[in-house]
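Biologist: I would like to go through the terms used for this model and see what each one rests on. Please set the values against the criteria as we go.

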Amino acid sequence: MNKELVSSFYLHRMPLRAAFFALSLLIPASAIFAAFIGGEVNRILTAHTVDALRTEVGFFKSEFDRGGIDALSAAVQSRSSISAFTLYQLTRLDQPTQVGNLKGRFDDVGESGLVFDLSDAALKGSEKAAGIAIVVPGGGRLLVARKIDTQRQFADYLRNLTFFCVFALGALALVIGWLASQRLNSRVAEIALTTRSIMGGDFTRRVARDHSGDEFDHLASNLNAMLARIEDLMGALREVSDNIAHDLKTPLTRLRNRAEAALRDDSPAAHREGLERVIEEADGLIQTFNALLLIARLEAGAVDATLAPCDISTLVADLVELYQPVANDANLQIISRIGSTPRGEINRQLVGQAVANMLDNAIKYSPGDSGMDPGPIEVSVSQGDKCLEIAVADRGPGIAPDDRDRATKRFVRLERSRSRPGTGLGLSLVAAVARLHGGELRLEDNEPGLRIVLALGRPRTTSNQKATVGELDRVDSSATVAR
Amino acid sequence: MRLLVIEDDRETAQFLVKALKESGHGADAAADGDTGLAMARDGNYDVLIVDRMLPKRDGLTLIETLRGEGARTPALILSALGSVDDRVKGLRSGGDDYLTKPYAFSELLARVEALGRRSEPEATTTRYIVGDLVLDRLSHKVSRGGESILLQAREFRLLEYLMRHAGQVITRTMLLEHVWDYHFDPQTNVIDVHVSRLRSKIDKGFPKPLLHTVRGAGYVVRADDE
């Protein structure tokens with residue numbers, strides 16, 4: 001039996017077997033319970049009867065006290081004649097016959113009361129009666145009893161009713177439980193079926209939801225979110241392999257062509273130049289490769305341990321300073337608006353590289369050489385509610401809203417960038433760094449131009465410093481350099 | 001300098017030994033961690049070039065063992081693992097510098113030469129002098145031919161680093177690492193722009209340039225007659 005069969009066997013058979021097992025327990029259990037109820041009712045009613053008989057005996061005692069044995073005998077006689085359920089028997093030592101409507105000898109009955117069988121009495125059948133007997137002073141015995149068959153029937157009826165009710169309730173519970181487990185099973189089976197078909201390669205499948213808000217609906221919703229992520233990753237993987245084929249093969253082909261061309265040429269100078277250009281191409285390939293590996297590692301979350309407290313404002317200001325001369329050479333100016341921020345737990349190198357990529361991107365796409373005033377590149381750092389935002393805004397051509405999602409994917413170079421140098425991995429690295437820090441990369445419209453926002457979600461504050469609104473608006477004029 | 005290359009790939013090791021010898025250094029090779037450790041103990045080398053993944057004993061353990069024995073020979077770690085935490089691990093084990101494969105030989109040579117001269121007590125030197133260029137580390141003043149030159153803080157650190165290694169080729173990545181403390185690839189020519197700004201401040205108007213570009217490698221500060 002393979003694993004799948006085993007699991008489906010347990011999924012579908014176990015609750016049914018459990019139901020039969022529970023049913024087989026339910027019958028004796030409700031019988032015991034019903035017997036207990038019946039017995040108790042009988043006991044209580046008998047005790048009541050005995051109490052009533054005691055009152056009766058009290059009456060006879062007072063008759064005896066008033067008029068002696070003859071008065072007692074008369075009272076018994078008169079009571080016997082009017083009562084059908086209560087039985088009386090007076091045995092006198094001085095007379096051979098018994099007085100009363102009960103015949104027979106019931107010597108076991110004593111003063112404390114006893115349930116006894118009337119079978120050997122003149123009265124028919126095996127009826128039961130509860131009775132008490134007292135000794136009459138001066139020679140005699142008075143027995144007062146009452147038939148308790150009606151009471152016993154009532155107790156039996158209650159017992160049966162109890163048995164039926166308990167059994168019915170139990171069975172109902174079992175049926176409900178079984179139905180619930182069937183539903184559970186069918187939901188689980190449904191999810192299992194979906195996951196199996198996904199394992200089979202159909203990544204578009206989703207677990208059906210009933211939007212009831214129950215646990216399974218939650219589970220399905222979470223599973224679907226996970227599946228969407230997996231589909232994304234698979235899509236990214238496919239896209240990456242397609243793009244690797246293109247973006248790595250192209251320089252590899254160029255490299256090969258150059259080596260071949262140099263070989264065909266006989267002059268040492270051409271050899272030298274060919275080799276130099278081969279190295280150049282190789283360096284470009286290495287750069288692309290390193291960026292790819294870094295992104296892959298970031299997405300695997302493998303560099304989490306290297307987070308350390310860092311002053312993000314200083315980091316960004318340093319990077320602006322690093323890129324300022326490059327921007328100035330391209331006739332651009334960088335204006336920074338850096339608010340004081342709490343120190344955050346970040347990976348300084350990675351965030352540094354991400355911000356460097358953002359600056360590099362802004363410089364690359366600002367229309368610096370067109371003769372018109374391109375407008376400044378604006379860099380800002382601000383502390384939001386939950387995250388710290390580093391934004392770099394340029395006045396370049398921007399990215400159309402439809403293309404923004406695509407722009408952060410690996411290797412995607414929108415048409416505008418095909419002609420410019422770069423690995424095409426810059427923004428996807430920024431996105432990966434953002435994700436590693438629990439944040440996100442946002443591309444916004446700078447009207448005109450592009451505003452890239454690196455939101456770092458996790459920077460845990462390591463000091464009590466908090467940026468106020470006033471501080472955020474402080475323009476760091478020292479970093480503003482005129483053209 | 002006497003250098004020891006501990007690298008298990010024969011071709012790489014041969015290439016390095018040959019190229020290092022051509023650059024005027026003595027170089028030996030060891031093919032595994034144990035041989036490398038034994039040679040490093042006895043050989044009196046100036047710098048060790050250690051591959052991170054080695055048969056018998058990996059590079060980091062080798063360096064840790066040497067450091068545990070009190071040997072302070074500078075070590076350059078070569079590794080295919082290039083992410084930030086790998087680097088941190090490498091330096092924590094006692095390595096002095098970390099270079100990710102694949103690398104340019106000029107980068108390796110520049111770093112090895114910088115490591116080899118590190119044994120000179122640098123912290124006690126308060127002034128660097130190259131030709132008529134003087135940098136005072138205490139007063140943060142720079143002058144050339146008696147004429148004071150005003151540098152921004154970063155430019156000062158850039159010049160300080162170049163002058164500390166006067167006569168040695170310093171690569172762009174070395175500058176990015178030591179002057180800015182970044183270990184990533186800036187993609188554009190940011191360092192070149194900073195160096196050319198520095199150059200315009202210290203060389204402009206003087207007949208002899210001191211800050212030279214070494215093609216395909218980096219920069220060097222050197223008085224021409226040296």
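Modeller: Two strands count as paired if DSSP finds at least two bridges between them. The model is a predicted one.

Biologist: What makes S7(B) and S8(B) a pair?

Modeller: Strand S7 (residues 133-136) and strand S8 (residues 141-144) of chain B are joined by four bridges. At least two are required, so the two strands pair. They run antiparallel, and B:Leu133 stands opposite B:Arg144 in S8(B). S7(B) and S8(B) form a hairpin with four residues between them, and B:His140 in the turn has a positive phi of about 60°.

Biologist: How do you know that S8(B) and S9(B) pair as well?

Modeller: By the count of bridges: S8(B) and strand S9 (residues 147-149) of chain B share three, in the antiparallel sense. B:Arg144 has B:Glu147 as its bridge partner in S9(B). This hairpin has two residues between its strands, and its turn holds B:Gly145, with a positive phi of about 55°.

Biologist: Turning to the two chains, why are H5(A) and H8(B) called roughly perpendicular?

Modeller: The axes of H5(A) and helix H8 (residues 190-202) of chain B cross at roughly 85°. Angles of 65 to 115 degrees count as roughly perpendicular, and therefore the term applies to H5(A) and H8(B). The axes come within 8 Å. On the H5(A) side the contact is made by A:Leu322, A:Tyr323, A:Pro325, A:Val326 and A:Asp329, and on the H8(B) side by B:Val190, B:Val193, B:His194 and B:Arg197. By class, these residues are six nonpolar, one polar and two charged.

Biologist: Which element gives the largest share of the side of chain A that touches chain B?

Modeller: Across the whole interface, 22 residues of chain A are in contact with 19 of chain B. Helix H4 (268-299), helix H5 (312-329) and helix H6 (348-365) of chain A each give two or more residues to that side. The largest share, seven residues, comes from H5(A).

Biologist: What makes a set of residues a nonpolar core, and which members of the largest one touch the most others?

Modeller: The members are buried nonpolar residues joined through C-beta atoms within 7 Å. The largest core has 113 residues, of which A:Leu454 and B:Ile49 touch the most other members. H6(A) gives the most to this core, ten residues. Beyond its neighbours within four places in sequence, A:Leu454 has contacts including A:Ala354, A:Met358, A:Ile390 and A:Leu441. Another core, apart from this one, has 25 residues, among them A:Val76 and A:Leu90.

Definitions and conventions:
Residues are numbered from 1 along each chain as its sequence is written. Chains are lettered from A and ligands numbered from 1 in the order in which they are written. This is a predicted model: local features need pLDDT of at least 70, side-chain atom pairs count only at pLDDT 80 or more; totals for chains, interfaces and linings use all residues. Two residues are in contact if their C-beta atoms, placed from the backbone, lie within 7 Å. Axes are lines fitted to C-alpha atoms, for helices over the stretch in contact, and angles run from 0 to 180 degrees between N-to-C directions. Angles under 35 degrees count as roughly parallel, over 145 as roughly antiparallel, 65 to 115 as roughly perpendicular and the rest as oblique. Ala, Val, Leu, Ile, Met, Phe, Trp, Tyr, Cys and Pro count as nonpolar, Asp, Glu, Lys and Arg as charged, and the others, Gly among them, as polar. A residue is buried if 20 or more other C-beta atoms lie within 10 Å of its own, exposed if 12 or fewer, and partly exposed in between; C-beta atoms are placed from the backbone.
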